[in-house]
Each structure stands twice: as C-alpha cells, then as structure tokens.
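Have the model open while you read.

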Amino acid sequence: MALSGNKGEWSEIYTLFRLLGEGKVHAGDANLNKLDLYYPILNIIRQESKRYEYKPYTKQNIVVIDENGDEYTRISMDKFMEESKSLLDVIKTTSKRTFEIPNTECFMNEIGCTKLKAPSGDKADIHIVIHDLRTNMTPKLGFSIKSQLGSPSTLLNAGDATNITYRVVSENMSNEELKSINEIKDHLSRMAAIIEKGYKLEYSEIEHSTFKNNLLFLDICMPEFIAACLVCSSLTNATSSIKDAVEMVAKQNPFGFTGKDIVAFYEHKMKVLLIDSALGMTPAKEWKGRYDANGGYLVVKKDGDIVCYHFYNRNDVEDYLYYNTRFERASRSRYHFGSLYRGTDGRVYIKLNLQIRFTK
C-alpha cells in the first residue's frame, strides 16, 4: 500500500534526506535566521519496524547499517540532496491535504525507510548523533521536527484536560442575563459582553488533576499565571501571541513582583511551560521532568533550509518558542467551554480552554 501523508509528515522525510545530503545542520536564532554555528552529523537513527542507521562516510557516501550491524546499502550524499530537492518541490506545490509521492517512496525503499512519522508517543521525530565542536562531545539526541511547509503545528494540544475554570465575580447575575450572554455566538464578543457588564473573571481551578499537578511541578504559581494569560488572550481582538499576553499579565503583576524587570519575571514562567511542553510534557500524563526530545528542535523553513535549536543553547530554544507561538481557541462544543453556568454554590462560572500553536 502506497504511503500517504500531509505536508508535515512528508517534511520528516525531507529532513532526513536534507540532513544526510548536507552532513551538518546550522543553529538558528529567535527569528529563524541561520547562524554560522553548525553541528556536523555523525549518525542518524530511525526506529521503524526495523532499526536503521545512516552514517555519513568520508568518501561523500551515506552508509546505511541495518539492525544486525551489517551494511544495507551505500548511496552518495549528492543523491540525498537531489531527492530532498525533488521532495521539497512536491511538498511546496501540492494543494492536497494528504498525498502520495511514488518517486520518493521508491527511494525510501532503497534506504530501508518505510514510514513517514516517528511513533506518536515519542516527542522526538528523529535521533541524531552530532559533533558539538565547542564541547567536542558526540551525544545521541532526539529532535522534534517542526515544518513551515504545511499548517502551523500545535505545541500544547487542546483537550478536556486543558479546561480552566473561572468564577465570574459579580454582585448578582440573573438567570436571564446569563442566558442572554450565552446566546452571543462569537467567543470574543461573548467575553467582551461579560467585561462590559462590569464582571471580572477570577481563577478558580484547573479542571484536570494531572494537568494541574504538571503545572505545579513547573512552578507553584503556574496554574494561576497561565489562567491569567488565557484570559488576556480571550479579551482582546488584537494578537493572541504568547509574548503579548505575558506582557499584559506583567502590567497587572498579580504576584506582586518588586524587582526591576517585571516582564522578565513573567516571561521566564512562560518559557518554562513552553520548553517543557516542547520536549515532553503533555496535559493528561504525569510529568516528571524527563525530556523525550532531549536535543531540541529542527525547523524546516519555507525555503527548505533547516535550522537547529539545540537544547545545549537553552536560551535560543526558549526565545524561538516564546516569539513564535500563540494561544488558539479550540472547538467550544467539542471541549465544553466558553459558556456561563451556575455552580452548586449558586455562583456563576465559565471555563476557558488552553491550546498553544506555532505562528508559522
């Protein structure tokens, strides 16, 4: 059966071809610009039904080693570059949601590559042994691949686990007024109506106990901080960028930070959440701080260049995530949020849902 995938999935194969064709990967800055710093690639490992290693060889060949340690095939680096360019052309020009690429699949079969994606439970899409020229270390690292060739991917996925409950602080909201607000279909308009009527949203609870514990694991203030950021993103028709929401919360300074750089205080908290979400944490699974994608991020840019955000350069990884992500509203009906309701204590509540997506 022919392989079929979307642009993001085919981008994983493109990354494999391109890295083997170039034999190195350049670091990137917060704006996705390629830096002079680069990492030579010593080995790439793909675990599919079988395990294959792809080793750049001194004579400009890639030697493919099977799980028994035997040579499976030997192909020139130029051939990998040629195949990467052909694959890139198809990814960039197709308008289909999912598609097959027979020529690419034929070459994949030549090198023992039979799947488009890494296993879904693994945050690392590709494992690479690199040579860090500054430390002279050669670690095997797992990298997550993000592609600008398709739709922006999510960093933290929405679900019932990511609902956050707020109390609607009011003197007395009648059932008729509650109903009239809920009849407003547009989410931003509904939120605006709540505020225009003089009501405030006060953090009450993270609905899912595991997600709450994960946030507390990162920072004791994290649940309330994320709740404040989410409200800010829901009360403005302007950008929903992570950076803007954090700066709005910093102006409110809910934790009473008295240092000179208040924005940096709140920015740091957000970067902790972003980097842990990027490298392993998911809302509904207990988080113990162990990174799956312990190498960092590989980003496939729109022009086909690939830049690396190596976890050894933590500040670069954090800045990339901070400046290139936004809050996104998921389906209200699917995840049961966005409507006012009266609790058993007689107070009025509303749930908002947390989802974070890359901007590009």
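There are 18 salt bridges in this structure, a salt bridge being a side-chain nitrogen of Lys or Arg within 4 Å of a carboxyl oxygen of Asp or Glu. Keep in mind that this is a predicted model, where local features need pLDDT of at least 70, side-chain atom pairs count only at pLDDT 80 or more, and totals for chains, interfaces and linings use all residues. Residues are numbered from 1 along each chain as its sequence is written, and side-chain values use heavy atoms, with hydrogens and water left out.

- E22 and R18 pair up through their side chains in a salt bridge, at 3.0 Å from N to O.
- Both residues belong to helix α1 (residues 7-22) and are four residues apart, about one turn of the helix; helices (H or I, at least four residues) and strands (E, at least two) are DSSP runs, numbered from the N terminus.
- R18 is buried, with a relative accessible area of 11%, while E22 is partly exposed at 32%. Here buried means under 20% relative accessible area, exposed over 50%, and partly exposed in between (1.4 Å probe, protein chains only).

**Pairs between distant parts of the chain**

- K34 has a salt bridge to D305, and their closest N and O atoms are 3.7 Å apart.
- That pair links distant parts of the chain, 271 residues apart: K34 is in strand β2 (residues 34-47) and D305 is in the loop between β11 (296-300) and β12 (306-310).
- K34 is partly exposed at 35% relative accessibility, and D305 is partly exposed at 21%.
- E207 and K351 also form a salt bridge, with 2.7 Å between the closest N and O atoms.
- This one links distant parts too, 144 residues apart, with E207 in the loop between β10 (200-206) and α6 (209-218) and K351 in strand β15 (residues 348-353).
- E207 counts as partly exposed, at 36% relative accessibility.
- Through shared partners, salt bridges join R18, E22, K34 and D305 into one network.

**The cavity**

- The count comes to one cavity of 30 Å³ or more. A cavity is a set of points on a 1 Å grid over the protein atoms alone where a 1.4 Å probe fits but cannot get out, and lining residues have an atom within 4 Å of a point.
- The largest cavity holds about 40 Å³ of space, a volume being the space filled by probe spheres set on the points.
- Its lining includes K146, Y320 and F358.

Methods: On a 1 Å grid over the protein atoms alone, a cavity is a set of points where a 1.4 Å probe fits but cannot get out, and a pocket is an open set with protein on both sides within 12 Å along at least five of seven lines; lining residues have an atom within 4 Å of a point.
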